[in-house]
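Visitor: I have the model open and some time to go through it. Can you take my questions as they come?

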Amino acid sequence: MSDPIETVMEAEPEAEAWFGLLDIVILVALAAFGVWWVLSNKKKQAEQAAAHKSYSLQPTSMTTQTTDNSFLKKLKTSGRSLVAFYGSQTGTGEEFAGRLAKEGIRYQLKGMVADPEEYDMEELVNLKDIPNSLAVFCLATYGEGDPTDNAMEFYEWLQNGDADLTGLNYAVFGLGNKTYEYYNEVAKYVDKRLEELGATRVYELGMGDDDANIEDDFITWKEGFWPAVCEYFGIETLGEDVSVRQYKLTEHSDIDPGRVYSGEVARLHSFVNQRPPFDAKNPFLANITVNRELHKTGDRHCMHIEFDIEGSKMRYDAGDHLALYPVNNAELVNKLGKLLDADLDTIITLTNTDEESSKKHPFPCPTSYRTALTYYLDISSNPRTHVLKELAEYTKNNKEQEMLRLMASTSPEGKALYQKWINQDNRNIIHILEDLPSCKPEIDHICELLPRLQCRYYSISSSPKLYSTKVHVTAVVVEYETPTKRINKGVATTWLREKKPEDPEKKLLVPVFIRKSQFRLPTRTQTPIIMIGPGTGLAPFRGFIQERSLAMDEGKPVGETILYFGCRKRSEDFLYEEELTGYEKKGALKLHLAFSRDQAKKVYVTHKLNENADEIWRVLGENNGHIYVCGDARSMAKDVHNIILKVVQEKGKMSEQEAIAYVKKMEAQKRYSTDVWS
C-alpha cells in the first residue's frame, strides 16, 4: 500500500503541466478579447469624432446642413420663405428687418430675422431650393463707408468670393446719412454685387437718410416693395394687416432674486463678477475719478470726465472711442409707469413666440419692468410708425385713434402729420401718452415695441502714453426746449452730469468698452499735421497734441502740429484754454482760433482755413502731411472738404478733376481722416 502523501507528490508534476497550459489559453483569450475591445472602441470613438466634426464643420453644399448656424434649415423646418438680414450698429436696421419679416405673413411669405454674423451666409447659394424664397438686406453704412460690425464678414465674403447666386431673389434697403461722404455705400455695393454674382433683384435699392426722415424713407420704399414682391411671385395679399404679438408674457410671483437681471448687458451677474476680455457684450465697470465743468460761464455745460480702467486689460490709442451704456432718468421711468398704470417692480419674462428665432427675448430676462425701462429700453427717442399703429389699438377716443392710424399710414397726409407731430415736435412715448389720454397700452406690449437703449460713443480726449490707466472724455450736456414747451434732456450726458466724485470712498461705476478707430496719428512724428476741431470736435486732438508734445520732450523730431479750434466766446467755452495755450508757448502747437460771437460778424474755423491757403498747401502738398477733421458732418466737414479741394486746385495748379483725384488719394492713404457726426 503506497503512502498517500507519496501519491500526491508523484501526481504534482502532471497537475502542474495541465494548469500551466490552461493559464496560457485563458491569458491568450483574454488578451485577444482586450485587443478586440480596444480596437473596436477606438473605431467607435473615431466614428463619433468624425460624426461630431461633420456636424460642426459643414461642406459648402448645404443640402444636408444640420448646424445651429443654418438659416436654411430654420426656414425649411418652419415653412418659411422670407429671410430678412440686417447690418445694424444702433438697432434701426434690425428693427426694419423685423418689421419686414413680420409683415411677410400678410403676403403669404412667412419670414424670419437673421443676423449675418450668426449664420453661414454661404447658404445663400442654396436658398433657391425653397419655393418663392426671398432674401432682404437692411444694411447700415458706418464710419467711412464701412459695413457694421455684424455685417463685416458677409461683406468681405461678397468682396472676395465668387459664389454662384443664380436663382437667389433679393432686395436691399440701406440706412445712411446724406451729410456723410459715403452715403449708403454698403447698401449700394451689396445691391450691385449680388446682381453681379447672378442673383435677381426683385425690387429697387432703397436708401434711407437718417439726417432727414429715415422712417418716411423706409415706409415709402415698402409701398413699392410689397406690390413688386406680389407681382414677381404671383401671389396676393391676404387683406388687412393683423397685429401679431411677437413675445408672450410670464409674470414671476416667486423667483430666486439671484436669477433676475438687474441691468447687465448679457451675462447674469457680470457687473458683480467682472472678468476680461471686456467688449460690447461684457463692458467694464469703470470708476469716474474726475468730472469737472469746462465752460467758464453761460447756460450751456461741457464735462471733462476721467474713467479709471486700471485692471481691465483694456488698451486704447489716441483717436479711439469710449463706448458707455447709459441709464434712463428715474423720474421719466416712474412717469411712464404711472401713465401705464403698472407695478414697475413686477418680475417678468418676455419669450419669443417664434421658437426658431435666435432672439429668445427682447432684452435680458427675467427682469423687472423698472429695470427694463431703466437699462434696456429707449424711452426718450421718437417712436416709429409701427409703434403708433399698435398704440391705436389701445386708444378709446375715436379722434385720438384716427390720428394715430393716420400717422401710421403711408398716405401723404399721414407722413406729413408724423413728421410734424412726432419728429418736429420731438414727442417720445411719454409725451404721446400724456397728449392722448385715452391711449392705455399694456406695459408688456410697450416693452416689446420700444427699441433697445443703445450705447453712446465718445471720442477719447487723452493719450495712453500719458494716461495708460485713465480714459478722458469731453461731452456737452444735451438739453433743449421742444415746440411743445417740454424740456428734453440727453440720456447719457444727463446721467453722467450727476456722477460727481465728491467722496473718494464712493465709486461711481459706468459700464464701458473701447471701440477701435482708424483715426490715427502718422507713424512718423516728423510728419506735419493739421487738425480741425471746433467745439467738442477738439476731443481726439487733445490726445494727439499730448503725444506730439511728449515726443518733443523725448527729443524726437516732431513736425508742425497745427490746430484750428472754434467756439462761441473765448471767455465762455474755450475748452482746455490753459492747456492749449501752454502747448503753444512751449512750441509744441500752432493755434488758429475762431470765436464766432466775440465780434459783430461771425467768424468760424472755415474762415481761418481760407486765410491760410499757403500754410495748408505747404503741409499737405509739399510735405505730405496729414489732415484731420472732427465734429459736425452736416456743414462744417463739408465746408472744410470744399476748402481743401480749392486749395489743392489753386496752390497745386491742378484742374478740378485732378484736385478731386488728389484728395481721394489722400483719403485712401489715410492722410485725410474724418471723425464726424450729424
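Guide: Asp639 is placed in helix 20 (residues 636-651). Helices (H or I, at least four residues) and strands (E, at least two) are DSSP runs, numbered from the N terminus. This is a predicted model, where local features need pLDDT of at least 70, side-chain atom pairs count only at pLDDT 80 or more, and totals for chains, interfaces and linings use all residues. Residues are numbered from 1 along each chain as its sequence is written, and side-chain values use heavy atoms, with hydrogens and water left out.

Visitor: Is Asp639 buried, exposed or partly exposed?

Guide: Asp639 is partly exposed, at a relative accessible area of 38%. Buried means under 20% relative accessible area, exposed over 50%, and partly exposed in between (1.4 Å probe, protein chains only).

Visitor: Which residues does UniProt list for "binding site"?

Guide: The unreviewed entry lists Arg300, Thr536, Ser596, Arg597, Lys602, Val603, Tyr604, Val605, Thr606 and Asp639. UniProt positions are given in the numbering used here, feature names are shortened, and annotations may be inferred rather than shown by experiment.

Visitor: Now strand 22. How many of its residues are buried?

Guide: 6 of the 7 residues of strand 22 (residues 626-632) are buried, so strand 22 is largely enclosed by the rest of the structure.

Visitor: Which way does strand 22 run against strand 19?

Guide: Strand 19 (residues 529-532) and strand 22 run parallel, joined by 4 bridges. Ile530 has Ile627 in strand 22 as its bridge partner. Strand 22 also pairs with strand 23 (residues 672-677) in the parallel sense, over 6 bridges, and there Gly631 stands opposite Val676. Two strands pair if DSSP finds at least two bridges between them.

Visitor: What is the order in the open sheet of 6 strands?

Guide: The order is 14-11-18-9-10-15, with antiparallel pairing. Strand 14 (456-459) and strand 15 (470-476) stand at the edges with a single partner strand each, so one side of each has no neighbour in the sheet. Strand 11 (residues 321-324) pairs with strand 14 over 4 bridges in the antiparallel sense, and His321 has Ser459 as its bridge partner.

Visitor: Changing topic: which residues have the most contacts inside the largest nonpolar core?

Guide: Those are Phe363, Leu373, Leu388, Leu391 and Ile429, in a core of 38 residues. Elements giving two or more residues to this core include helix 7 (330-339), strand 12 and helix 8 (369-376). A nonpolar core is a set of buried Ala, Val, Leu, Ile, Met, Phe, Trp, Tyr and Cys residues joined through side-chain atoms within 4.5 Å. In soluble globular proteins, nonpolar side chains tend to be buried together.

Visitor: What does Ile429 touch beyond its neighbours within four places in sequence?

Guide: Ile429 is in contact with Leu336, Ile379, Ser381, Pro383, Leu391, Ile446 and Leu450.

Visitor: How many salt bridges does a search of the whole structure find?

Guide: The search finds 43. A salt bridge is a side-chain nitrogen of Lys or Arg within 4 Å of a carboxyl oxygen of Asp or Glu.

Visitor: Where do Arg384 and Glu215 lie?

Guide: Arg384 is in the loop between helix 8 and helix 9 and Glu215 in helix 6 (residues 214-233), so the pair ties together parts 169 residues apart in sequence. Their closest N and O atoms are 4.0 Å apart. Arg384 is buried, with a relative accessible area of 17%, and Glu215 counts as buried at 1%.

Visitor: What about Asp320 and Lys516?

Guide: Their side chains meet in a salt bridge (2.8 Å, N to O). Asp320 is in the loop between strand 10 (302-308) and strand 11, and Lys516 in the loop between strand 18 (509-515) and strand 19, 196 residues apart. Asp320 is buried, with a relative accessible area of 0%, whereas Lys516 counts as partly exposed at 46%.

Technical notes:
Contact = heavy atoms within 4.5 Å.
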